[in-house]
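Good morning, and thank you for coming.

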Amino acid sequence: MSATLSLNQARRIALAAQGLDKGRPAGPVTSRTVGRTFARLQVVQIDSVNVLSRSHFLPFFSRLGNYDRTILQRMSGTHPRRMMEYWAHEASFIRPELFPDLVLWQKRTWVGAGRLEPELREDVAGKILAVLAAGKPLTAAELTVRIGHVEDRSTENWGWNWNAVKRVLEDLFQEGLISADSRTEQFERRYALTARVLPDRRPLAEDQRDPVEALHRLIDAAAQAHGIGTVRCFADYFRTPIKAAADSVEHLVRAGRLEPVSVTGWDRKVFLHADARMPRRAAGRALLSPFDSLVFERRRLEELFGFHYRIEIYTPEHRRRFGYYVLPFLLGETIVARVDLKADRAAGKLLVRSAYGEPDAPPGTAVELAGELELMAEWLGLGDIVVTPAGDLAGPVAAALRSGGEAIRSEGTPAAWPVSLP
């Protein structure tokens, strides 16, 4: 018979696997600390939204607090690389060890050159590879100029009007022939041959690649990052097919890497990873990015924490419930609030555009959230926090931020409560 775990036990396992069960490091955060955190997560999603901070910076802040973001640039942009870009959950930083396996399973046909004539595709690909072999990393725009490609730009599909060079680049990127050497300030990829990005990693010959074994490794990594979960949880982590993932889960059970267990309240088959640990309590505190790996799989999030969450950045403003860029707030073993944040870099202000508590939020939630906002403002180099009176926690959070100074009361509807940090 399989072991039965309580929901609280499952939560603690999940939080420990994600490095969210403890308080943050007391001393300075080093490259080694960041590297250990990344090795635990396996994958960190990249997104161009920069309302607060680029999304790939936030998971490390959630777990480590105030750290130097240039550490990630060194880890992803200098030799030997400890992270690299590829398709995973979405566009992501991945561990280079997983790159050969992901190449076999990531088939994002919508991003590539499927609409191009084969002759044009091969001509452009040949020119791109020749230029990158002879010179430095280049963006899609720079490569377009370098190879002398000219075409009329389409305006039919806003946001995806890529020219042939960009489409072929994405094909070559997916095939693993080229990789992202780095990003520009405008968040454009600088492309380079993968052999130069990973000079010590010899490519596998086609007949040496075993997709089944590759998927076993990916599902094992996903299950290790989750600690506990279902086949759907593990498949979603790297966006691999569910049916094939189920076969890998069975293999990993036979190999002793996964153990079937039951979780009170879950009506699906659940599996515990062999390396998972279950702390006696979870004492972390974190604002979580909308793209954090703890919140990847929304059904799992709701089953584990009773927290229903949707990203509303693509929702029309009049239909949003909580705001544009809303971060869940984790306190101990519970997600207790959600807060809509924006960094006004020009004015040096962290804008709290709404703050809502969950029904089971404990009495100290506002004080803890205020402390987290102060830490985030410090990390982002922002000297003021401005709280807009939207949501039931807005007034208490503002009061907590101003404690010891002028009292703030939540009566009335002021435009905002400004709080200057010391």
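Let us begin with Tyr237 and its surroundings. Setting aside neighbours within four places in sequence, Tyr237 is in contact with Gln18, Leu41, Gln42, Val43, Ala88, His89, Ala222, Ala225, His226, Ser293 and Phe296, where contact means heavy atoms within 4.5 Å. Tyr237 belongs to helix α11, residues 231-237. Helices here are DSSP runs of H or I with at least four residues, strands are runs of E with at least two, and both are numbered from the N terminus. Is Tyr237 buried or exposed? Its relative accessibility is 0%, so Tyr237 counts as buried. The scale is as follows: buried means under 20% relative accessible area, exposed means over 50%, and partly exposed lies in between, with a 1.4 Å probe and protein chains only.

Before I continue, a word on the source. This is a predicted model, in which local features need pLDDT of at least 70 and side-chain atom pairs count only at pLDDT 80 or more, while totals for chains, interfaces and linings use all residues. Residues are numbered from 1 along each chain as its sequence is written, and side-chain values use heavy atoms, leaving out hydrogens and water.

Gln42 is found in the loop between α2 (31-41) and β2 (43-45), and with a relative accessible area of 3% it is buried. Its phi is near 75 degrees, a positive value in a residue other than glycine.

Phe187 also has a positive phi, of about 70 degrees, although it is not a glycine. Phe187 is located in the loop between β5 and β6 (189-193), and it is buried, with a relative accessible area of 13%. Another backbone feature concerns His79 and Pro80, which are joined by a cis peptide bond with omega of about -5 degrees. Pro80 lies in the loop between α4 (70-77) and β3 (84-87).

I turn now to two aspartates. Asp181 has its place in strand β5, residues 178-183, and is buried, with a relative accessible area of 18%. Beyond its neighbours within four places in sequence, Asp181 is in contact with Ser76, Gly77, Arg81, Pro137, Arg190, Ala192 and Val197. Asp210, for its part, is found in the loop between α9 (194-197) and α10 (211-226). Asp210 is partly exposed, at 36% relative accessible area. The C-alpha atoms of Asp210 and Thr264 are separated by 37 Å, and the two residues are 54 residues apart along the chain.

The next topic is the aromatic rings. A pair of aromatic rings is described by the distance of the centres and the angle of the planes. Rings of Phe, Tyr and Trp (for Trp, the six-membered ring) pair if their centres lie within 6.5 Å; planes under 30 degrees apart count as stacked, over 60 as edge-to-face, and the rest as tilted. By this rule the count comes to 10 aromatic pairs. Why is the pair of Phe322 and Tyr356 called edge-to-face? The ring centres of Phe322 and Tyr356 are 5.1 Å apart and the planes are at 80 degrees, so the pair is edge-to-face. Phe322 lies in the loop between α13 (298-305) and β11 (326-331) and Tyr356 in strand β13 (residues 349-357), so the pair ties together parts that are 34 residues apart in sequence. Phe322 counts as buried at 17% relative accessibility, whereas Tyr356, at 23%, counts as partly exposed.

Phe38, Phe60, Phe61, Tyr67 and Trp379 form one aromatic cluster. The charged end of Arg69 sits over the ring of Trp379, 4.8 Å from its centre. That end of Arg69 also sits over the ring of Phe57, 6.0 Å from its centre. A charge sits over a ring if NZ of Lys or CZ of Arg is within 6 Å of the ring centre and within 35 degrees of the ring normal.

Finally, consider helix α15. Six of its eight residues are buried, so α15 is mostly covered; the buried residues are Ala394, Gly395, Val397, Ala398, Ala400 and Leu401. Where α15 meets helix α14, Ala366, Val367, Leu369, Ala370, Leu373 and Glu374 of α14 are in contact with Pro396, Val397, Ala400 and Leu401 of α15.
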